[in-house]
Amino acid sequence: MNKYTYECTNCKSEYSPEFIESNFHYLCPKCGLAEKNMPLKGVLNIKYDYKLISQNLNSKTFLNFESGKPWLYPQLWPINFDNIHESILKKLILPNNNLLNYTIDKNSFFVLDETRNPTLSYKDRASLLVALKAIELGITEIAAASTGNAGSSLAGICARLGLTSHIYVPKNIPQAKRIQIEAYGANLVVVDGDYDMAFDKCLEDSKTNNWYNRNTAYNPLTIEGKKSSAFDIFIQTNGNVPDVIFVPVGDGVIISGIYKGFNELLKLGWIKELPELIGVQSKNSDAVVRYFEENKFIYKPATTIADSISAGAPRNLYLAIEAIRSSKGMAISVSDESILLNQKEFNKATGILCEPSSAATYAGYKNLLLENKLKDKSVLLLITGNGLKDIESLKA
(Lines give C-alpha, C1' and ligand atoms only; values in the text may rest on other atoms or scores of the structure.)
Protein backbone atom coordinates (compact mmCIF):
# COMPACT_ATOMS: atom_id res chain seq x y z
CA MET A 1 0.00 0.00 0.00
CA ASN A 2 1.28 3.44 -0.89
CA LYS A 3 2.10 5.84 1.92
CA TYR A 4 0.07 9.01 2.13
CA THR A 5 -0.59 11.91 4.47
CA TYR A 6 -3.39 14.38 5.10
CA GLU A 7 -2.58 18.08 4.67
CA CYS A 8 -4.82 20.99 5.59
CA THR A 9 -5.47 23.18 2.55
CA ASN A 10 -5.73 26.20 4.85
CA CYS A 11 -3.01 26.08 7.55
CA LYS A 12 -0.88 23.41 5.79
CA SER A 13 -0.62 21.21 8.90
CA GLU A 14 0.13 17.57 8.08
CA TYR A 15 -1.37 14.52 9.76
CA SER A 16 -0.87 10.78 9.57
CA PRO A 17 -3.65 8.55 8.21
CA GLU A 18 -3.78 6.76 11.57
CA PHE A 19 -4.51 10.01 13.43
CA ILE A 20 -7.16 11.29 11.00
CA GLU A 21 -8.93 8.01 10.30
CA SER A 22 -8.89 6.40 13.75
CA ASN A 23 -10.23 9.59 15.32
CA PHE A 24 -12.73 10.21 12.52
CA HIS A 25 -11.49 13.68 11.76
CA TYR A 26 -12.90 15.09 8.54
CA LEU A 27 -11.65 18.67 8.54
CA CYS A 28 -8.35 19.94 9.90
CA PRO A 29 -8.26 19.37 13.71
CA LYS A 30 -6.57 22.77 14.14
CA CYS A 31 -8.52 25.14 11.90
CA GLY A 32 -11.35 23.14 10.35
CA LEU A 33 -14.76 24.76 10.51
CA ALA A 34 -18.19 23.80 9.16
CA GLU A 35 -20.47 26.80 9.63
CA LYS A 36 -24.06 27.10 8.46
CA ASN A 37 -24.42 28.55 4.96
CA MET A 38 -20.66 28.97 4.60
CA PRO A 39 -17.91 27.21 2.61
CA LEU A 40 -15.88 24.73 4.64
CA LYS A 41 -12.58 25.81 6.17
CA GLY A 42 -9.67 23.45 6.70
CA VAL A 43 -10.57 20.89 4.03
CA LEU A 44 -8.03 18.07 4.06
CA ASN A 45 -5.99 17.09 1.01
CA ILE A 46 -4.44 13.65 0.59
CA LYS A 47 -0.78 13.71 -0.50
CA TYR A 48 1.44 10.95 -1.88
CA ASP A 49 5.15 10.50 -2.51
CA TYR A 50 5.03 11.20 -6.25
CA LYS A 51 8.76 10.80 -6.68
CA LEU A 52 8.57 7.29 -5.25
CA ILE A 53 5.52 6.45 -7.35
CA SER A 54 7.25 7.59 -10.56
CA GLN A 55 10.17 5.28 -9.76
CA ASN A 56 7.86 2.26 -9.68
CA LEU A 57 5.16 3.20 -12.18
CA ASN A 58 5.55 4.86 -15.59
CA SER A 59 3.05 6.38 -17.99
CA LYS A 60 3.41 3.57 -20.53
CA THR A 61 2.35 0.99 -17.98
CA PHE A 62 -0.41 3.25 -16.67
CA LEU A 63 -1.88 3.78 -20.15
CA ASN A 64 -2.26 0.01 -20.51
CA PHE A 65 -4.54 -0.16 -17.48
CA GLU A 66 -8.26 -0.55 -18.07
CA SER A 67 -10.14 2.62 -17.14
CA GLY A 68 -12.93 2.34 -14.61
CA LYS A 69 -10.86 0.15 -12.27
CA PRO A 70 -8.92 2.48 -9.94
CA TRP A 71 -7.63 -0.41 -7.81
CA LEU A 72 -5.32 -1.40 -10.67
CA TYR A 73 -3.00 1.40 -9.54
CA PRO A 74 -3.26 1.34 -5.72
CA GLN A 75 -0.26 3.70 -5.37
CA LEU A 76 -2.58 6.67 -5.99
CA TRP A 77 -5.35 5.82 -3.51
CA PRO A 78 -5.66 5.96 0.30
CA ILE A 79 -7.07 2.44 0.42
CA ASN A 80 -5.41 -0.87 1.22
CA PHE A 81 -6.91 -2.90 -1.61
CA ASP A 82 -5.08 -6.03 -0.43
CA ASN A 83 -7.64 -6.29 2.36
CA ILE A 84 -10.67 -5.92 0.08
CA HIS A 85 -12.00 -9.04 -1.63
CA GLU A 86 -12.16 -9.09 -5.42
CA SER A 87 -15.89 -9.85 -5.29
CA ILE A 88 -16.46 -6.44 -3.71
CA LEU A 89 -14.39 -4.60 -6.31
CA LYS A 90 -16.28 -6.30 -9.16
CA LYS A 91 -19.47 -4.63 -7.91
CA LEU A 92 -17.89 -1.19 -8.32
CA ILE A 93 -16.51 -1.28 -11.87
CA LEU A 94 -17.16 1.90 -13.87
CA PRO A 95 -17.63 2.04 -17.68
CA ASN A 96 -14.31 1.78 -19.52
CA ASN A 97 -15.40 3.18 -22.88
CA ASN A 98 -17.34 6.31 -21.94
CA LEU A 99 -15.17 8.87 -23.75
CA LEU A 100 -17.08 9.73 -26.92
CA ASN A 101 -16.64 12.18 -29.79
CA TYR A 102 -19.37 14.28 -31.42
CA THR A 103 -19.63 16.98 -34.07
CA ILE A 104 -22.49 19.50 -33.91
CA ASP A 105 -22.70 22.38 -36.38
CA LYS A 106 -19.19 21.49 -37.60
CA ASN A 107 -17.75 21.85 -34.08
CA SER A 108 -16.18 18.70 -32.63
CA PHE A 109 -15.86 17.90 -28.95
CA PHE A 110 -15.42 14.96 -26.58
CA VAL A 111 -17.97 13.83 -24.02
CA LEU A 112 -17.20 11.92 -20.84
CA ASP A 113 -20.51 10.10 -20.43
CA GLU A 114 -21.02 9.44 -16.71
CA THR A 115 -24.71 8.62 -17.18
CA ARG A 116 -23.80 4.92 -17.44
CA ASN A 117 -22.19 4.62 -14.00
CA PRO A 118 -23.70 2.15 -11.48
CA THR A 119 -26.31 4.63 -10.20
CA LEU A 120 -26.25 6.80 -13.34
CA SER A 121 -24.16 9.71 -12.11
CA TYR A 122 -20.61 10.97 -11.59
CA LYS A 123 -21.13 10.82 -7.81
CA ASP A 124 -20.40 7.07 -7.89
CA ARG A 125 -16.71 7.90 -8.19
CA ALA A 126 -16.77 9.43 -4.70
CA SER A 127 -19.26 7.02 -3.16
CA LEU A 128 -17.30 3.91 -4.06
CA LEU A 129 -14.11 5.24 -2.49
CA VAL A 130 -15.94 6.36 0.67
CA ALA A 131 -17.62 2.95 0.92
CA LEU A 132 -14.31 1.13 0.48
CA LYS A 133 -12.74 3.25 3.22
CA ALA A 134 -15.71 2.45 5.47
CA ILE A 135 -15.21 -1.26 4.87
CA GLU A 136 -11.49 -0.90 5.58
CA LEU A 137 -12.31 0.86 8.88
CA GLY A 138 -14.97 -1.68 9.85
CA ILE A 139 -17.86 0.79 9.47
CA THR A 140 -21.33 -0.33 8.38
CA GLU A 141 -23.38 2.92 8.39
CA ILE A 142 -22.76 5.97 6.19
CA ALA A 143 -24.68 9.25 5.97
CA ALA A 144 -24.77 11.94 3.30
CA ALA A 145 -26.61 15.14 2.43
CA SER A 146 -27.59 15.50 -1.19
CA THR A 147 -29.69 17.29 -3.79
CA GLY A 148 -30.25 13.84 -5.25
CA ASN A 149 -27.33 12.30 -7.10
CA ALA A 150 -24.89 11.92 -4.21
CA GLY A 151 -27.70 10.46 -2.12
CA SER A 152 -28.85 7.94 -4.72
CA SER A 153 -25.21 7.12 -5.41
CA LEU A 154 -24.37 6.36 -1.79
CA ALA A 155 -27.65 4.49 -1.32
CA GLY A 156 -26.97 2.32 -4.38
CA ILE A 157 -23.31 1.63 -3.59
CA CYS A 158 -24.20 0.76 0.02
CA ALA A 159 -26.92 -1.58 -1.21
CA ARG A 160 -24.39 -3.36 -3.43
CA LEU A 161 -21.98 -3.80 -0.53
CA GLY A 162 -24.41 -4.62 2.29
CA LEU A 163 -23.92 -1.31 4.13
CA THR A 164 -26.59 0.95 5.66
CA SER A 165 -27.09 4.46 4.27
CA HIS A 166 -28.79 7.52 5.76
CA ILE A 167 -29.62 10.15 3.14
CA TYR A 168 -30.61 13.76 3.88
CA VAL A 169 -32.30 15.69 1.07
CA PRO A 170 -34.11 19.04 0.66
CA LYS A 171 -37.88 18.94 0.24
CA ASN A 172 -37.68 20.05 -3.42
CA ILE A 173 -35.64 17.02 -4.56
CA PRO A 174 -36.81 15.68 -7.98
CA GLN A 175 -39.25 12.82 -7.47
CA ALA A 176 -37.23 10.43 -9.64
CA LYS A 177 -34.16 10.85 -7.43
CA ARG A 178 -36.19 10.41 -4.26
CA ILE A 179 -37.69 7.21 -5.66
CA GLN A 180 -34.24 5.92 -6.60
CA ILE A 181 -32.92 6.55 -3.07
CA GLU A 182 -35.92 4.80 -1.51
CA ALA A 183 -35.69 1.88 -3.94
CA TYR A 184 -32.15 1.16 -2.74
CA GLY A 185 -33.48 0.82 0.82
CA ALA A 186 -31.80 3.90 2.30
CA ASN A 187 -33.07 5.63 5.40
CA LEU A 188 -34.35 8.84 3.83
CA VAL A 189 -34.67 12.10 5.78
CA VAL A 190 -36.46 14.91 3.94
CA VAL A 191 -35.47 18.30 5.37
CA ASP A 192 -37.96 21.16 5.29
CA GLY A 193 -35.46 23.48 3.64
CA ASP A 194 -32.74 23.64 1.02
CA TYR A 195 -29.56 21.61 0.42
CA ASP A 196 -27.50 23.77 2.75
CA MET A 197 -29.90 22.96 5.59
CA ALA A 198 -29.79 19.25 4.74
CA PHE A 199 -25.97 19.38 4.81
CA ASP A 200 -25.92 20.83 8.33
CA LYS A 201 -28.61 18.46 9.66
CA CYS A 202 -26.68 15.46 8.27
CA LEU A 203 -23.50 16.58 10.07
CA GLU A 204 -25.36 16.93 13.38
CA ASP A 205 -27.02 13.50 13.19
CA SER A 206 -23.82 11.79 12.01
CA LYS A 207 -21.97 13.02 15.11
CA THR A 208 -24.84 12.02 17.41
CA ASN A 209 -25.14 8.51 15.95
CA ASN A 210 -21.45 7.89 15.14
CA TRP A 211 -22.13 7.34 11.44
CA TYR A 212 -19.38 7.70 8.84
CA ASN A 213 -20.13 10.89 6.90
CA ARG A 214 -19.89 11.22 3.12
CA ASN A 215 -20.85 14.90 2.89
CA THR A 216 -19.17 16.44 -0.10
CA ALA A 217 -15.75 18.05 0.61
CA TYR A 218 -16.29 17.51 4.35
CA ASN A 219 -15.05 13.96 3.83
CA PRO A 220 -11.73 14.28 1.93
CA LEU A 221 -12.37 10.91 0.26
CA THR A 222 -15.09 12.58 -1.84
CA ILE A 223 -12.55 14.84 -3.52
CA GLU A 224 -10.15 11.93 -3.84
CA GLY A 225 -12.75 9.70 -5.48
CA LYS A 226 -13.69 12.32 -8.04
CA LYS A 227 -10.12 12.66 -9.29
CA SER A 228 -10.48 9.24 -10.94
CA SER A 229 -12.07 10.73 -14.06
CA ALA A 230 -8.80 12.54 -14.80
CA PHE A 231 -7.02 9.19 -14.86
CA ASP A 232 -9.74 7.63 -17.03
CA ILE A 233 -9.53 10.54 -19.48
CA PHE A 234 -5.74 10.17 -19.57
CA ILE A 235 -6.05 6.44 -20.31
CA GLN A 236 -8.84 6.70 -22.88
CA THR A 237 -7.12 9.49 -24.82
CA ASN A 238 -3.81 7.59 -24.70
CA GLY A 239 -2.25 10.51 -22.89
CA ASN A 240 -3.56 13.19 -25.26
CA VAL A 241 -5.57 15.12 -22.70
CA PRO A 242 -8.03 17.73 -24.11
CA ASP A 243 -7.04 21.38 -23.88
CA VAL A 244 -10.29 22.49 -22.23
CA ILE A 245 -12.76 20.66 -19.97
CA PHE A 246 -16.21 22.00 -19.09
CA VAL A 247 -17.43 20.96 -15.63
CA PRO A 248 -20.83 21.61 -13.99
CA VAL A 249 -20.26 23.20 -10.58
CA GLY A 250 -22.40 23.16 -7.45
CA ASP A 251 -20.48 22.44 -4.26
CA GLY A 252 -17.21 22.48 -6.22
CA VAL A 253 -15.99 18.98 -5.43
CA ILE A 254 -16.06 17.53 -8.95
CA ILE A 255 -13.95 20.32 -10.43
CA SER A 256 -11.46 20.24 -7.54
CA GLY A 257 -11.26 16.46 -7.78
CA ILE A 258 -10.58 16.54 -11.51
CA TYR A 259 -7.96 19.21 -10.95
CA LYS A 260 -6.28 17.05 -8.29
CA GLY A 261 -6.13 14.10 -10.67
CA PHE A 262 -4.56 16.08 -13.51
CA ASN A 263 -2.23 17.84 -11.10
CA GLU A 264 -1.00 14.45 -9.91
CA LEU A 265 -0.37 13.41 -13.52
CA LEU A 266 1.61 16.64 -13.89
CA LYS A 267 3.64 15.92 -10.74
CA LEU A 268 4.41 12.45 -12.08
CA GLY A 269 5.66 14.03 -15.31
CA TRP A 270 3.10 12.23 -17.48
CA ILE A 271 1.48 15.39 -18.88
CA LYS A 272 3.17 18.69 -19.73
CA GLU A 273 0.40 21.07 -18.68
CA LEU A 274 -3.00 21.13 -17.05
CA PRO A 275 -6.16 21.32 -19.14
CA GLU A 276 -8.10 24.55 -18.70
CA LEU A 277 -11.04 23.84 -16.37
CA ILE A 278 -14.21 25.80 -17.11
CA GLY A 279 -16.64 25.77 -14.19
CA VAL A 280 -20.23 26.24 -15.34
CA GLN A 281 -23.03 27.31 -13.01
CA SER A 282 -26.64 28.41 -13.28
CA LYS A 283 -27.19 32.15 -12.89
CA ASN A 284 -29.57 31.17 -10.07
CA SER A 285 -26.78 29.34 -8.22
CA ASP A 286 -23.61 31.20 -9.07
CA ALA A 287 -21.58 31.56 -5.84
CA VAL A 288 -18.41 30.20 -7.46
CA VAL A 289 -18.72 32.58 -10.41
CA ARG A 290 -19.26 35.53 -8.08
CA TYR A 291 -16.24 34.57 -5.96
CA PHE A 292 -14.13 34.10 -9.09
CA GLU A 293 -15.02 37.62 -10.23
CA GLU A 294 -15.16 39.46 -6.89
CA ASN A 295 -12.97 37.33 -4.58
CA LYS A 296 -15.55 37.31 -1.79
CA PHE A 297 -18.38 35.06 -0.64
CA ILE A 298 -21.85 36.32 0.21
CA TYR A 299 -24.52 33.72 0.89
CA LYS A 300 -27.43 33.74 -1.51
CA PRO A 301 -30.08 30.97 -1.64
CA ALA A 302 -29.94 28.87 -4.81
CA THR A 303 -33.12 28.45 -6.88
CA THR A 304 -31.98 26.79 -10.10
CA ILE A 305 -33.85 24.08 -11.98
CA ALA A 306 -30.50 22.27 -12.24
CA ASP A 307 -30.78 20.70 -8.78
CA SER A 308 -27.46 18.84 -9.04
CA ILE A 309 -25.57 22.14 -9.10
CA SER A 310 -27.85 24.00 -6.70
CA ALA A 311 -25.79 25.22 -3.73
CA GLY A 312 -26.09 28.62 -2.12
CA ALA A 313 -22.99 27.90 -0.01
CA PRO A 314 -20.60 25.75 -2.06
CA ARG A 315 -18.82 23.74 0.62
CA ASN A 316 -15.69 23.31 -1.48
CA LEU A 317 -15.67 26.87 -2.81
CA TYR A 318 -12.03 27.66 -2.10
CA LEU A 319 -10.59 24.53 -3.72
CA ALA A 320 -12.92 24.96 -6.70
CA ILE A 321 -11.54 28.47 -7.21
CA GLU A 322 -7.99 27.15 -6.88
CA ALA A 323 -8.71 24.50 -9.52
CA ILE A 324 -10.07 27.07 -11.97
CA ARG A 325 -7.33 29.64 -11.44
CA SER A 326 -4.41 27.20 -11.32
CA SER A 327 -5.55 25.59 -14.58
CA LYS A 328 -5.92 29.04 -16.21
CA GLY A 329 -9.61 28.35 -16.67
CA MET A 330 -12.68 30.41 -15.88
CA ALA A 331 -16.04 30.33 -14.10
CA ILE A 332 -19.11 31.16 -16.16
CA SER A 333 -22.88 31.08 -15.65
CA VAL A 334 -25.84 30.33 -17.89
CA SER A 335 -29.56 30.94 -17.42
CA ASP A 336 -32.01 28.19 -16.50
CA GLU A 337 -33.81 28.90 -19.78
CA SER A 338 -30.58 28.25 -21.68
CA ILE A 339 -29.99 25.07 -19.69
CA LEU A 340 -33.40 23.62 -20.64
CA LEU A 341 -33.06 24.67 -24.29
CA ASN A 342 -29.61 23.14 -24.59
CA GLN A 343 -30.65 19.99 -22.74
CA LYS A 344 -33.13 19.25 -25.51
CA GLU A 345 -30.61 20.05 -28.24
CA PHE A 346 -27.86 17.96 -26.66
CA ASN A 347 -30.12 14.95 -26.08
CA LYS A 348 -31.32 14.95 -29.69
CA ALA A 349 -27.87 15.52 -31.19
CA THR A 350 -25.95 12.94 -29.15
CA GLY A 351 -28.46 10.33 -28.02
CA ILE A 352 -27.18 10.82 -24.47
CA LEU A 353 -30.00 11.63 -22.09
CA CYS A 354 -28.54 14.20 -19.70
CA GLU A 355 -30.02 16.04 -16.75
CA PRO A 356 -30.07 19.87 -16.48
CA SER A 357 -26.74 20.20 -14.62
CA SER A 358 -24.97 18.42 -17.47
CA ALA A 359 -26.78 20.50 -20.06
CA ALA A 360 -25.25 23.54 -18.34
CA THR A 361 -21.82 22.44 -19.58
CA TYR A 362 -23.10 22.27 -23.16
CA ALA A 363 -24.73 25.71 -22.79
CA GLY A 364 -21.48 27.15 -21.43
CA TYR A 365 -19.51 25.51 -24.23
CA LYS A 366 -21.76 27.08 -26.88
CA ASN A 367 -21.42 30.51 -25.27
CA LEU A 368 -17.61 30.38 -25.42
CA LEU A 369 -17.80 29.15 -29.00
CA LEU A 370 -19.80 32.26 -29.91
CA GLU A 371 -17.22 34.40 -28.12
CA ASN A 372 -14.46 32.68 -30.17
CA LYS A 373 -12.62 31.61 -27.01
CA LEU A 374 -12.11 27.99 -28.03
CA LYS A 375 -10.35 28.42 -31.36
CA ASP A 376 -7.92 25.58 -32.18
CA LYS A 377 -8.54 23.94 -28.78
CA SER A 378 -9.71 20.39 -28.15
CA VAL A 379 -12.70 20.34 -25.81
CA LEU A 380 -14.30 17.82 -23.46
CA LEU A 381 -17.74 18.19 -21.85
CA LEU A 382 -18.36 16.40 -18.57
CA ILE A 383 -21.86 14.88 -18.59
CA THR A 384 -22.47 13.98 -14.97
CA GLY A 385 -26.04 12.72 -14.64
CA ASN A 386 -28.72 10.76 -16.48
CA GLY A 387 -31.83 12.65 -17.61
CA LEU A 388 -34.12 10.00 -16.13
CA LYS A 389 -33.13 11.35 -12.71
CA ASP A 390 -35.20 14.48 -13.39
CA ILE A 391 -37.97 13.68 -15.84
CA GLU A 392 -39.87 16.91 -15.11
CA SER A 393 -37.13 18.90 -16.84
CA LEU A 394 -37.63 16.79 -19.95
CA LYS A 395 -41.28 17.80 -20.03
CA ALA A 396 -40.52 21.51 -19.87
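**Cavities, loops and cysteines in a predicted model**

Let me begin with a list: Tyr6, Ile20, Glu21, Phe24, His25, Tyr26, Lys133, Leu137, Tyr212, Asn219, Pro220 and Leu221 line the second largest cavity, where lining residues are those with an atom within 4 Å of a point of the cavity, and a cavity is a set of points, on a 1 Å grid over the protein atoms alone, where a 1.4 Å probe fits but cannot get out. What we have here is a predicted model, in which local features need pLDDT of at least 70 and side-chain atom pairs count only at pLDDT 80 or more, while totals for chains, interfaces and linings use all residues. Residues are numbered from 1 along each chain as its sequence is written, and side-chain values use heavy atoms, with hydrogens and water left out.

The volume of this second largest cavity is about 90 Å³, a volume being the space filled by probe spheres set on the grid points, which are joined across faces, edges and corners. At least two of its lining residues come from each of helix H1 (17–22) and helix H9 (220–226); helices here are DSSP runs of H or I with at least four residues, strands are runs of E with at least two, and both are numbered from the N terminus. Its lining divides into eight nonpolar, two polar and two charged residues, with Ala, Val, Leu, Ile, Met, Phe, Trp, Tyr, Cys and Pro counted as nonpolar, Asp, Glu, Lys and Arg as charged, and the others, Gly among them, as polar.

In total there are three cavities of 30 Å³ or more, and the largest cavity holds about 270 Å³ of space. Its lining has 27 residues, of which Lys123, Lys226, Gly250, Asp251 and Ser308 lie nearest the centre. Helix H6 (149–161) and helix H11 (253–267) are the elements that give two or more residues to this lining, and H11 gives the most, with three residues. By class, the lining of the largest cavity holds eleven nonpolar, twelve polar and four charged residues.

Turning to the backbone, most residues other than glycine have a negative phi. Asn210, although not a glycine, has a positive phi of about 60°, and this residue sits in the loop between helix H8 (195–209) and strand S9 (212–213). Asn210 counts as exposed, at 70% relative accessibility, on a scale where buried means under 20% relative accessible area, exposed over 50% and partly exposed in between, with a 1.4 Å probe and protein chains only. Asn295, also not a glycine, has a positive phi of about 60°; it lies in the loop between helix H12 (287–294) and helix H13 (317–326), and is partly exposed at 46%.

How many disulfides does a search of the whole structure find? The search finds zero, a disulfide being a pair of cysteine sulfur atoms within 2.5 Å. For Cys11, the nearest cysteine sulfur is that of Cys8, 3.7 Å away, and Cys11 is partly exposed, with a relative accessible area of 33%. Cys158, by contrast, is buried at 1%, and its sulfur is too far for a bond, because the closest cysteine sulfur, in Cys202, is 12 Å away.

Finally, the chain as a whole: it has 16 helices and 13 strands, its C-alpha atoms fill a box of roughly 55 × 50 × 40 Å along the principal axes, and buried residues make up 61% of its 396 residues.

Conventions: 1 Å grid on protein atoms, 1.4 Å probe; cavity = no way out; pocket = protein on both sides within 12 Å on 5 of 7 lines; lining within 4 Å.
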